[in-house]
Amino acid sequence: MQRGLPMQPTVVLLREGTDTSQGNGQLLSNISACLAIADTLASTLGPRGMDKLIVNDRGEAQITNDGATILKLLDIVHPAAKTLVDIARAQDAEVGDGTTSVVLFAGQFLKEIRPFIEEGMSPHIIIKGYRLASQMAIDRIKEVQVSVDKSDSRRFRDLLIKCASTSMSSKLVQSQKPFFANMVVDAVMSLDQDDLDESLIGVKRISGGAMQDSMLIQGVSFKKTFTYAGAEQQPKSFKNPLILCLNVELELKAEKDNAEVRVEAVSEYQAIVDAEWEIIYRKLQLIEKTGAKVVLSKLPIGDLATQWFADRDIFCAGRVPAADLRRVVQAVGGSVQSTCSDIDPQKHLGTCGRFDERQVGGERFNVFEECPKAKTCTLLLRGGAEQFIEEVERSLHDAIMVVKRAVKNGDVVAGGGAVEMDLSAHIRTKANAIRGKLQFVVRAFAKALEVIPRQICDNAGLDSTDILNKLRMRHAQGEIHVGVDVDGAEGIRDNMEAFVWEPSLVKLNAISSATEAACLILSVDETIRNPQSEKASAGPRAPPGTAQRALRGRGRGMPVRR
């Protein structure tokens with residue numbers, strides 16, 4: 001008689017209700033999710049790309065075609081697809097442009113390799129092949145990039161304007177490219193060229209007017225802050241004033257705000273009030289002694305101080321935003337003071353050639369111009385709808401980042417799909433010398449790079465098959481700068497001669513980031529999802545009756561608990 005096998009005890013590792021999926025099916029599911037993201041962004045690429053109108057849960061609408069902004073507003077929950085959101089944000093933070101391209105690259109890399117996954121090819125072979133092909137692409141970009149001599153300032157400025165114009169060609173501001181490109185280049189060149197901190201470029205949005213009414217102020221401008229009575233009596237224009245920046249509150253404080261004071265006689269109470277007044281008057285007199293004609297503070301400046309300054313022909317502004325105060329100090333010199341005593345006018349005060357308060361649209365702005373130490377500037381953007389001005393701001397941010405990278409790097413490649421077609425042809429040629437399965441993977445990578453020129457054609461309503469065949473032929477003949485022309489009759493042109501330029505760093509970062517994202521998704525073979533972590537309301541439930549007690553409050557029949 002054969003003995004039965006001993007029963008194996010059931011081992012429970014995961015909490016009940018935990019969802020697990022693994023194997024090829026899981027990998028293909030992740031690829032499908034990433035392709036859905038790429039398809040969403042595909043129509044926004046290129047000079048004829050469409051915009052997306054996204055409405056959030058509060059009913060606020062945003063119109064944009066910036067890849068990183070769209071992905072941020074979509075609130076994607078799929079764990080694998082979030083990888084594409086991360087690379088788009090990284091591209092936006094690092095380079096500023098190419099956010100749509102990096103997502104399309106990653107999606108196409110996964111799409112081209114999908115048949116090999118279905119046929120059972122190991123993901124590790126694919127990852128190895130993709131990393132090999134990515135390195136080929138990076139080496140080729142460094143080989144074909146064109147360096148511009150920075151010593152010729154006029155030619156270098158033309159390069160920066162071309163890069164800014166190319167960045168704006170797919171945005172809402174493309175009709176005013178020359179105007180905004182010059183503005184962006186002037187803004188970046190006004191920064192400290194060693195640091196190039198783009199946060200020192202202030203951007204203020206003012207509804208009304210046309211795009212052409214936008215202006216660049218070589219200095220600092222910020223919206224007029226809340227003022228008390230007496231502010232209208234202050235002078236609104238100075239030439240070469242001394243400027244004092246404070247982090248001090250110049251306001252009378254009521255006694256109840258500070259402490260409980262017990263007095264036994266009216267004279268004692270009067271002494272406390274007099275002390276309060278004496279403290280603030282001492283501060284004001286110390287400020288006047290410095291000779292400052294413009295006083296700015298991060299903290300409130302009360303009605304007493306406002307009137308006191310007005311009587312002495314001093315302009316003051318309280319509650320100035322910290323970012324604006326920082327830019328003022330960068331422009332006029334001096335430093336932010338946390339006390340009114342021991343202020344040295346030589347060290348602690350700044351100056352500018354002209355200060356005035358002017359009307360821009362429906363708002364009043366304080367403007368500091370002709371600043372001797374100006375390493376900052378302000379863009380005042382005009383436009384009709386608020387959503388339109390927001391999109392203009394995003395477009396200019398992308399252009400500023402592109403110009404910043406071009407200033408630091410100075411290497412450019414031809415845009416309009418030209419560099420992608422050259423990389424594709426180069427990698428295909430190199431793939432012929434590779435043995436085994438890796439050759440198929442490298443060829444798939446080369447084919448995936450053609451997604452950019454193909455999508456530019458599709459979005460412009462051109463025949464992508466015909467134009468890609470023309471591009472392949474011209475690139476096979478050694479014309480490495482030929483790319484898509486959405487305006488011409490032939491559909492292709494030499495984009496280097498047409499000044500469609502992009503910093504090579506945009507392409508280097510996009511290809512390396514997209515390759516890493518594709519490899520990361522291909523290396524995942526199992527997803528374990530805990531349902532507890534997806535519940536909307538986290539934390540213990542409140543005891544019954546809490547809401548009613550909170551609404552009723554103390555002092556209305558509710559005993560105080562000791």
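This text walks through a predicted model, from the whole chain down to single residues. Local features need pLDDT of at least 70, side-chain atom pairs count only at pLDDT 80 or more, and totals for chains, interfaces and linings use all residues. Residues are numbered from 1 along each chain as its sequence is written, and side-chain values use heavy atoms, with hydrogens and water left out.

Start with the whole chain. The protein chain holds 19 helices and 21 strands. Both are DSSP runs numbered from the N terminus: helices are H or I with at least four residues, strands are E with at least two. Of the 562 residues, 47% are buried. Buried means under 20% relative accessible area, exposed means over 50%, and partly exposed lies in between (1.4 Å probe, protein chains only). The accessible surface comes to about 28,500 Å², and carbon and sulfur atoms hold 50% of that. Areas come from the Shrake-Rupley method with a 1.4 Å probe; for residues, only the protein chains shown count as cover. Among contacts (heavy atoms within 4.5 Å) with a separation of 6 or more, 74% join residues 24 or more positions apart.

Now take a helix pair. Two packed helices are described by the angle between their axes and the distance between the axes. Helix α4 (residues 99-118) packs against helix α5 (residues 123-144) at about 145 degrees, with the axes 11 Å apart. Axes are lines fitted to C-alpha atoms, for helices over the stretch in contact, and angles run from 0 to 180 degrees between N-to-C directions. The α4 and α5 crossing is right-handed: the near helix is turned clockwise from the far one by less than a right angle. On the α4 side, Phe109, Glu112, Ile113, Phe116 and Ile117 take part. They meet Pro123, Ile126 and Tyr130 of α5.

Val261, Val263 and Tyr269 make a nonpolar patch of about 250 Å². Patch residues have over 30% relative accessible area and no salt bridge; nonpolar side chains (Val, Leu, Ile, Met, Phe, Trp, Tyr) are joined within 5 Å, like charges within 9 Å. A salt bridge puts a side-chain nitrogen of Lys or Arg within 4 Å of a carboxyl oxygen of Asp or Glu. Tyr269 sits in helix α9 (residues 266-289). Its relative accessible area is 42%, so Tyr269 is partly exposed.

Finish with the backbone. Most residues other than glycine have a negative phi. Asn240 has a positive phi, near 50 degrees. Asn240 lies in the loop between β8 (237-239) and β9 (242-246). Asn240 counts as exposed because its relative accessibility is 59%. Asp313 also has a positive phi, about 55 degrees. Its loop runs between α10 (303-311) and β11 (315-317). At 45% relative accessibility, Asp313 is partly exposed.
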